[in-house]
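Me: I would like to learn how to read a structure feature by feature. Can we go through one together?

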Amino acid sequence: MSRTLLGLAAAALTLIGPASAVQAEERLYLYTENFPPYNMSASGRAFEHNAEDIDGLCTELVTAALKQTDLDYRIKLRNWDYGYNRALNKPNHGIFCTTYTEERAPLFKWVGPLTTNLWTVFAAPDSNFQMDELSDAKGKVFGGYRNDVKSEYLIKRGYEVSALDSDDLNPKRLELGQIDLWLADQLGGPYVASQQNVEGLKPVYSFNQTQLFLALNPDTSDALVNELQAGLDAIRESGMFEAIETKYGL
């Protein structure tokens with residue numbers, strides 16, 4: 001090959017390289033967890049690598065919003081702690097459904113709201129424990145999971161929390177008496193329990209209705225965040241948002 005051709009080839013590679021790098025930088029990586037009926041594996045597996053294998057209310061809403069954009073994206077299902085830390089530390093990474101709190105507000109850029117939930121304390125099926133306020137549970141051991149906002153809320157206020165990497169085992173731990181109480185979502189708690197063949201958990205106290213969002217790393221560009229929010233607004237205006245909610249009984 002002549003020097004001229006070699007030079008042209010090198011120049012072409014130089015042009016291709018930056019274009020590919022820019023494209024890779026703009027790809028959006030979103031993580032979620034097994035938190036039915038909001039997010040869940042369509043096959044029942046603990047982890048999923050492709051969006052088509054992930055189901056649930058929030059997943060359908062986020063996917064529908066993304067389809068209103070030209071964004072290149074990947075959605076993966078992992079445990080909460082893994083996904084949360086990726087979103088916290090890597091640009092163009094995000095996690096859903098994430099509870100919006102004042103403490104978390106400066107840590108992310110937010111797209112939503114996607115839906116709401118009501119925190120509910122559950123006791124074992126054979127329990128006679130009753131609550132009129134949260135402080136009635138002082139001295140009890142709550143089941144929780146790491147980096148979850150509900151666990152953080154309890155720990156900050158001096159409650160004892162036995163935290164795991166996933167919430168899935170907590171209904172069975174409650175049934176077996178390994179924990180005293182479980183703080184979960186009013187809608188999602190019984191769903192998670194039924195998947196673990198645990199029925200009849202008793203809701204003893206509900207409080208703190210919260211909003212759930214898609215949380216993006218703060219170094220993600222405003223243009224990308226705004227495009228995603230516009231996609232979500234578009235499905236809300238078209239009626240698709242309400243149709244997805246209705247599918248899940250909301």
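Reply: We can begin with two cysteines: cysteine 58 and cysteine 97 are both buried, where buried means under 20% relative accessible area, exposed over 50% and partly exposed in between (1.4 Å probe, protein chains only). This is a predicted model, in which local features need pLDDT of at least 70, side-chain atom pairs count only at pLDDT 80 or more, and totals for chains, interfaces and linings use all residues. Residues are numbered from 1 along each chain as its sequence is written, and side-chain values use heavy atoms, with hydrogens and water left out.

Me: How many disulfides does the structure hold?

Reply: A disulfide is a covalent bond between the sulfur atoms of two cysteines. Here the term is applied to a pair of cysteine sulfur atoms within 2.5 Å. The structure holds one, and it joins cysteine 58 to cysteine 97, with an S to S distance of 1.6 Å. The pair links distant parts of the chain, 39 residues apart: cysteine 58 is in helix H2 (residues 57-66) and cysteine 97 in strand S5 (residues 93-99). Helices (H or I, at least four residues) and strands (E, at least two) are DSSP runs, numbered from the N terminus.

Me: Which residues of the largest nonpolar core touch the most other members?

Reply: In soluble globular proteins, nonpolar side chains tend to be buried together. A nonpolar core is a set of buried Ala, Val, Leu, Ile, Met, Phe, Trp, Tyr and Cys residues joined through side-chain atoms within 4.5 Å. The largest has 31 residues, and Leu28, Leu30, Leu66, Phe96, Leu114, Leu216 and Leu228 touch the most other members. H2 gives the most to this core, seven residues. Apart from it lies another core, of 15 residues, including Leu134 and Leu181.

Me: At what angle do the axes of H2 and H7 cross?

Reply: Axes are lines fitted to C-alpha atoms, for helices over the stretch in contact, and angles run from 0 to 180 degrees between N-to-C directions. Angles under 35 degrees count as roughly parallel, over 145 as roughly antiparallel, 65 to 115 as roughly perpendicular and the rest as oblique. The axes of H2 and H7 come within 7 Å and cross at roughly 110°, so H2 is roughly perpendicular to H7. Leu61, Ala64, Ala65 and Leu66 of H2 make the contact with Leu228, Gly231, Leu232 and Ile235 of H7; contact means heavy atoms within 4.5 Å.

Me: Is asparagine 117 buried or exposed?

Reply: Asparagine 117, in strand S6, counts as buried because its relative accessibility is 4%. Its side chain makes polar contacts with the side chains of aspartate 185 (3.5 Å) and threonine 210 (2.4 Å). A polar contact is a pair of N or O atoms within 3.5 Å; within protein, one must be able to donate a hydrogen and the other to accept it, and residues adjacent in sequence count only if both atoms are side-chain atoms.

Me: Where is histidine 49?

Reply: Histidine 49 is in the loop between strand S2 (40-41) and strand S3 (54-55). With a relative accessible area of 48%, histidine 49 is partly exposed. The side chain of histidine 49 makes a polar contact with that of arginine 78, at 3.0 Å.

Me: What caps the N-terminal end of H4?

Reply: Aspartate 148 does, with a side-chain oxygen 3.2 Å from the backbone nitrogen of lysine 150. After H4 comes glycine 158, whose phi is positive, near 90°.
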